Every structure is written in structure tokens, then in C-alpha cells.
Amino acid sequence: MEDESQEIELTEDEKDLLKELLNESAELSNLGESRRKFLKNVSTVSAAILATQLLAEQKLLAFEPSGNAGFDVNQVDAMSIKLRVNGVEKALQIEPRVTLLDALRERLELTGSKKGCDHGQCGACTVLVDGRRTLSCLTLAAQVEGSEITTIEGLAKGGELHPVQAAFIKHDGFQCGFCTPGQICSAVALMNEAKNGEASYVTADVRAKSGSVKLSDDEIRERMSGNICRCGAYPNIVAAIREVHSGKAVVQNWDIVIKEKANEAV
Ligand code: FES
Ligand code: FES
């Protein structure tokens with residue numbers, strides 16, 4: 001272990017850095033700074049910088065349910081935007097780097113969209129932007145000004161669940177439910193993609209112009225592969241989507257197995 005009483009001279013680089021950080025003009029070699037003191041000073045300055053950044057971020061993400069009351073635009077690099085969410089226009093003042101996900105959850109109280117990875121890898125934050133599925137954690141709120149944003153909260157109409165929502169309930173397409181808002185938004189957009197004839201990685205003939213794509217289970221699995229479910233509700237999610245897409249009732253695998261067992265027992 002390093003002896004506390006032992007003074008260790010600073011290297012030239014360390015002296016230069018300390019001078020820069022503390023804006024010292026005096027020669028540090030004359031001050032007899034120890035390495036420990038140097039590190040303490042660096043830590044103090046770093047902590048001050050970090051605290052300043054955190055305070056600014058906290059202010060930007062501070063929850064303000066009634067508009068922008070108390071938000072001092074002059075203190076931070078803020079901008080005014082208007083977001084159209086679930087058919088309602090909302091005026092916000094935000095820092096330009098705020099993501100759509102944070103704007104929805106922290107500023108607009110729409111907490112249905114979930115923050116799973118915050119890195120575009122899990123799909124939990126999926127929302128619809130002009131009808132197309134979009135990862136809100138990788139989208140800046142300022143980017144989608146003027147677009148029609150639909151979140152899970154905006155899918156039901158007049159007290160009626162969206163058909164995909166109803167099918168997820170019917171087929172038990174979830175367990176903990178964390179991924180479900182993203183899964184459902186993805187599935188809703190997927191129906192339109194199939195209707196418009198958009199090909200996927202597993203589409204057999206990408207040049208066929210059939211007008212629409214019939215979704216096999218493989219097609220559904222591939223097109224939903226950006227939405228991770230840690231509870232593993234995948235078979236039920238596929239069944240729910242297939243039922244809505246085909247318009248025909250889909251029997252669950254476990255239902256078939258129960259009927260087979262019942263027949264065997266007779
Ligand atoms: S939170 Fe956006 S993809 Fe995971
Ligand atoms: S239902 Fe739990 S993660 Fe999908």
C-alpha cells in the first residue's frame with residue numbers, strides 16, 4: 001500500500017492537466033502537491049462537471065404535467081416543438097437531444113411505451129409514426145414534429161379494443177406484459193405492411209406483385225423478430241397475429257394437445 005506520509009512528485013503531464021483544470025497560473029512544482037492531492041482535485045472537478053450535467057438533464061426531463069410551467073428556457077438549450085400524439089397536439093419545450101420515448105413517458109405521461117434496452121435492440125418502445133413502426137428510443141422527439149404518432153394508449157377507439165389487442169388477450173399473448181405494448185404496435189403496422197405487399201427476409205418471391213402478402217407463421221416470426229419477449233410468449237403472439245390477419249379463428253397448440261389427450265383417454 002502507498003505510504004500516506006510519502007510525497008510523490010507529479011509528472012509533467014499531471015501538472016499540466018491540473019493547471020488546466022483549476023485554471024492555475026502558478027508553477028505547481030513549487031506548491032509541492034502530492035499525487036493524492038492531485039487525484040482529489042481531479043475528482044472534485046470531475047464531480048462538479050458531472051453534477052452540472054445531471055442537473056441540466058433533470059431539469060429537461062422534469063415532469064411537468066401542465067405544459068411548461070416553471071421551465072426556464074433561458075437556462076438550457078431548449079426548443080419548442082409540437083407533437084401530434086394519439087390525435088391530440090401537444091406543445092413541448094425540450095432539449096434537442098430528448099428522445100421520443102422520453103418525451104412520451106416523462107413529459108406526456110404516456111407510459112405504455114416501455115424502455116427496455118434504450119439501444120434499439122428489444123422493441124419494447126415501438127410506436128407508430130405515420131403508421132410505420134418506429135423505435136422511439138432511437139428517434140429524437142424533434143425529428144417527428146408534424147408526424148402522426150400513435151402509442152398503445154391510442155389504439156383502442158370508442159372504448160373498443162383494437163382487434164390485435166383483443167386477439168392478444170384471447171390467445172394469452174403475454175405473461176408479465178412488459179413487451180406487450182411494443183409487440184402490439186409492431187403487429188398493427190405489420191398487418192399494413194403485408195396488405196401493401198412489402199416483402200420480408202423470408203418472402204419466397206420478392207418480385208411477385210400479388211398486391212398483398214399472406215402471412216405464414218414463418219413470415220410473422222420473421223417480421224416480429226425485432227420484438228423480444230423475455231417471457232417467451234411467442235407461440236401465442238404468432239397465433240394472435242395470424243388470427244387477425246386471416247380473419248379465421250386460430251386454435252392454440254395446447255388446445256389441440258388437450259383434445260388429443262382427451263381422445264386417447266376415451
Ligand atoms: S427500448 Fe427501444 S428497442 Fe429497446
Ligand atoms: S410478456 Fe413478459 S417480456 Fe413479453
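This is a predicted model: local features need pLDDT of at least 70, side-chain atom pairs count only at pLDDT 80 or more; totals for chains, interfaces and linings use all residues.
Local features are given where pLDDT is at least 70, side-chain atom pairs count only at pLDDT 80 or more, and totals for chains, interfaces and linings use all residues. Residues are numbered from 1 along each chain as its sequence is written, and side-chain values use heavy atoms, with hydrogens and water left out.

**View 1. Helix H4 packs against helix H7.** H4 covers residues 163-170 and H7 covers residues 234-246, where helices are DSSP runs (H or I, at least four residues) numbered from the N terminus. Their axes, which are lines fitted to C-alpha atoms over the stretch in contact, lie 8 Å apart at an angle of about 135°, on a scale from 0 to 180 degrees between N-to-C directions. H4 and H7 are therefore oblique to each other, a word for angles that are not under 35 degrees (roughly parallel), over 145 (roughly antiparallel) or 65 to 115 (roughly perpendicular). Pro163, Val164, Ala167, Phe168 and Lys170 of H4 are in contact with Ile237, Ala240, Ile241, Glu243 and Val244 of H7, contact meaning heavy atoms within 4.5 Å.

**View 2. Helix H5 also packs against H7.** The axes of H5 and H7 come within 11 Å and cross at roughly 40°, so that these two helices are oblique to each other. On the H5 side the contact is made by Gln183, Ala187, Leu190, Met191 and Ala194, and on the H7 side by Ile237, Ile241, Val244 and His245.

**View 3. His171 lies in the loop between H4 and H5.** With a relative accessible area of 2%, His171 is buried, a term for values under 20%, whereas over 50% is exposed and values in between are partly exposed (1.4 Å probe, protein chains only). The side chains of His171 and Glu243 are joined by a polar contact of 2.8 Å, that is, a pair of N or O atoms within 3.5 Å, of which, within protein, one must be able to donate a hydrogen and the other to accept it, while residues adjacent in sequence count only if both atoms are side-chain atoms. Leaving aside neighbours within four places in sequence, the residues that His171 contacts include Asn236, Ala239, Ala240 and Val250.

**View 4. Leu110 lies in the loop between helix H3 and strand S3.** H3 spans 100-107 and S3 spans 126-129, a strand being a DSSP run (E, at least two residues). Leu110 is buried, with a relative accessible area of 15%. The C-alpha atom of Leu110 is 8.9 Å from that of Ile152, which is 42 residues away along the chain.

Notes
Chains are lettered from A and ligands numbered from 1 in the order in which they are written.
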